[in-house]
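Subject: Structure handover and notes

Dear colleague,

I am passing on the structure below, followed by my notes on a handful of its residues. Please read them with the coordinates open.

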Amino acid sequence: RVIEPIVCGASNFEVGDMVALALPGAKVKDQHDPAGKTVTLQKATIRGVESQGMICSGFELGLSSQPEKGILLLKDDETAGKTFSPEMIR
């Protein structure tokens, strides 16, 4: 499956890293809400580019109680397109 552009401001990953991706319609914790309110993702225009999803941090996936600056990195041998599970984390 081809994924359209995803805009991400995190800097703790490189091309080829395996990451957790949430597509429009997914429910994630809002990193800008201290209480971690859940939001439903939608396509959004970020820095002039339409983003088709979100590369997630542990907080956004409900794995951490505090917002994080970086995204969650998965094991290099994981297969793209699988449903996320905590066992996939590096």
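I89 is found in the segment after β6, strands here being DSSP runs of E with at least two residues, numbered from the N terminus. This is a predicted model, in which local features need pLDDT of at least 70 and side-chain atom pairs count only at pLDDT 80 or more, while totals for chains, interfaces and linings use all residues. Residues are numbered from 1 along each chain as its sequence is written, and side-chain values use heavy atoms, with hydrogens and water left out.

With a relative accessible area of 25%, I89 is partly exposed, a class that sits between buried (under 20%) and exposed (over 50%), computed with a 1.4 Å probe on protein chains only. Leaving aside neighbours within four places in sequence, I89 is in contact with L63, L72, L73, L74, K75 and F84, where contact means heavy atoms within 4.5 Å. I89 and D76, which are 13 residues apart in sequence, have their C-alpha atoms 9.4 Å apart in space.

E78 also lies in the segment after β6 (54-55), but E78 counts as buried because its relative accessibility is 16%. Its side chain is joined to that of K82 by a polar contact of 2.9 Å; the term covers a pair of N or O atoms within 3.5 Å, of which, within protein, one must be able to donate a hydrogen and the other to accept it, with residues adjacent in sequence counting only if both atoms are side-chain atoms. Beyond neighbours within four places in sequence, E78 is in contact with M18 and M88.

Two loop residues deserve a look. R47, in the loop between β4 (44-46) and β5 (49-51), has a positive phi of about 50° although it is not a glycine, and R47 is exposed because its relative accessible area is 65%. Q42 is placed in the loop between β3 (38-40) and β4 and is likewise exposed, at 64%; its C-alpha atom is separated by 6.2 Å from that of G25, 17 residues apart along the chain.

Finally, the cysteines: the structure holds 0 disulfides, a disulfide being a pair of cysteine sulfur atoms within 2.5 Å. C8 is in no disulfide, and the nearest cysteine sulfur, that of C56, is 9.3 Å away, which is too far for a bond. C8 counts as partly exposed at 25% relative accessibility, whereas C56 counts as buried at 1%.

Best regards

Conventions:
Helix = DSSP H or I, 4+ residues; strand = E, 2+ residues; numbered from the N terminus.
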